[in-house]
Amino acid sequence: MTSISFAVLGSGSKGNASVLCCGPHTLLIDAGLSVKQTQLRLQNLGLSVADLDGIVLTHLDRDHFSSGWAGRLKRIPLPVYLAPGHLGAAEATGTCRKTLRLLDMEAPNRAGSIQIECINVAHDDSGCTAFIFECEGCRLGWATDIGHVPSHLLERFVNLDALAFESNYDRTMQLDSDRPEFLKERIMGGKGHLSNCESLEAVSTIARESQLQKIALLHMSQQCNHPGCVLQLWREQAIHLVDRMILTHQDHSTVMLEVKAAGHQLATG
Ligand SMILES: [Zn+2]
């Protein structure tokens, strides 16, 4: 039986949003697409913005929280879950304080039937939050905009059934691009984004401690990455994981990815 299903509605520097369904509960993970685009892409999956029970934010950069959502949330309130460190940025968007729910960073949180654990990760000045969503014995790890892969993230990302993980850029394409040096440094300096190699190394480590059924690669740069580069790298270095890997897109949604509770409970018995 499927325990969790999720789809990446869109991912990249022009907007990130995903939907997570478990039992009767549906969460939006990041709201970086316009309300209209989010609705259109949800509709293609047989869902609607009206089905959402809440929004979980990794951080408040514009590609993760589109300003139109603040107005929408004033008219139709929904709980917006975020790390305490992002409260100021959320209020600056005009989002009504009453809708904001501060996540406990040290203990599991609950949004309906979905348990949410938070992990602080480095990203620019304000940081970002990685998550473990758990529901009906099924665990989904979520990490985007993480700058580098800290050991405390790898320690927590164990016994997962599925993973969504950023794979932002190909290092050669980044270095050869006509981007200004300060931007390259911002992205590659440990507080920006992960390269394909850094991402695959982390995913391979996580896969050894988990039984991953799905691995969705997030936030692929349109300018400095290419699906062909990612596929080639994975075929060369992680052929055993390729059949579980899903490339996500800026302009369209993935299909609904179904995840079953399995593996790790049996292993302990
Ligand atoms: Zn981003």
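Trainee: Which helix does Ala 70 lie in?
Mentor: Ala 70 sits in helix α2, residues 68-75. Keep in mind that this is a predicted model.

Trainee: Why is Ala 70 called partly exposed?
Mentor: Count its neighbours. Ala 70 has 19 other C-beta atoms within 10 Å. Buried needs 20 or more, and exposed needs 12 or fewer. The value 19 falls in between, so Ala 70 is partly exposed.

Trainee: What does Ala 70 touch, leaving out residues up to four places away in sequence?
Mentor: Thr 93, Gly 94 and Thr 95. Ile 116 is another matter: its C-alpha atom and that of Ala 70 are separated by 23 Å. Along the chain, those two are 46 residues apart.

Trainee: Which residues of α7 are buried, and what do they pack against?
Mentor: Asn 196, Glu 198, Ser 199, Leu 200, Ala 202, Val 203 and Ile 206 are buried. The buried residues of α7 pack against strands β10, β11 and β12, and against helices α4 and α8.

Trainee: What makes the buried residues of α1 line one face?
Mentor: First, name them. In α1, residues 35-44, Thr 38, Arg 41 and Leu 42 are buried. Seen down the axis of α1, the buried residues fall within an arc of 105°, so they line one face of the helix.

Trainee: Which exposed residues are on the face of α1 turned away from the buried side?
Mentor: Lys 36 and Gln 43. After α1 comes Gly 46, with a positive phi near 80°.

Trainee: What makes the phi of Glu 136 worth a remark?
Mentor: Most residues other than glycine have a negative phi. Glu 136 has a positive phi, near 50°, and is not glycine. Glu 136 lies in the loop between β9 and β10. With 15 other C-beta atoms within 10 Å, Glu 136 is partly exposed. Asn 159 also has a positive phi, near 55°. Asn 159 is in the loop between α4 and β11.

Trainee: Why is the whole protein called compact?
Mentor: Start with the parts: nine helices and 14 strands. The radius of gyration is 17 Å, close to the 18 Å that the globule rule gives for 269 residues, so the protein is as compact as a globular protein of that length. As for burial, 44% of the residues count as buried.

Trainee: How many residues are in the largest nonpolar core?
Mentor: The core has 68 residues. Among those with the most contacts inside it are Leu 20, Ile 116, Phe 133 and Leu 140. Strand β9 gives the most to this core, with six residues.

Trainee: What does Phe 133 touch, again leaving out residues up to four places away in sequence?
Mentor: Leu 20, Ile 114, Ile 116, Leu 140 and Trp 142.

Methods: Residues are numbered from 1 along each chain as its sequence is written. This is a predicted model: local features need pLDDT of at least 70, side-chain atom pairs count only at pLDDT 80 or more; totals for chains, interfaces and linings use all residues. Helices (H or I, at least four residues) and strands (E, at least two) are DSSP runs, numbered from the N terminus. Two residues are in contact if their C-beta atoms, placed from the backbone, lie within 7 Å. The arc is that of the directions from the helix axis to the C-beta atoms. The radius of gyration is taken over C-alpha atoms; the globule rule is 2.2 Å times the number of residues to the power 0.38. A nonpolar core is a set of buried Ala, Val, Leu, Ile, Met, Phe, Trp, Tyr and Cys residues joined through C-beta atoms within 7 Å.
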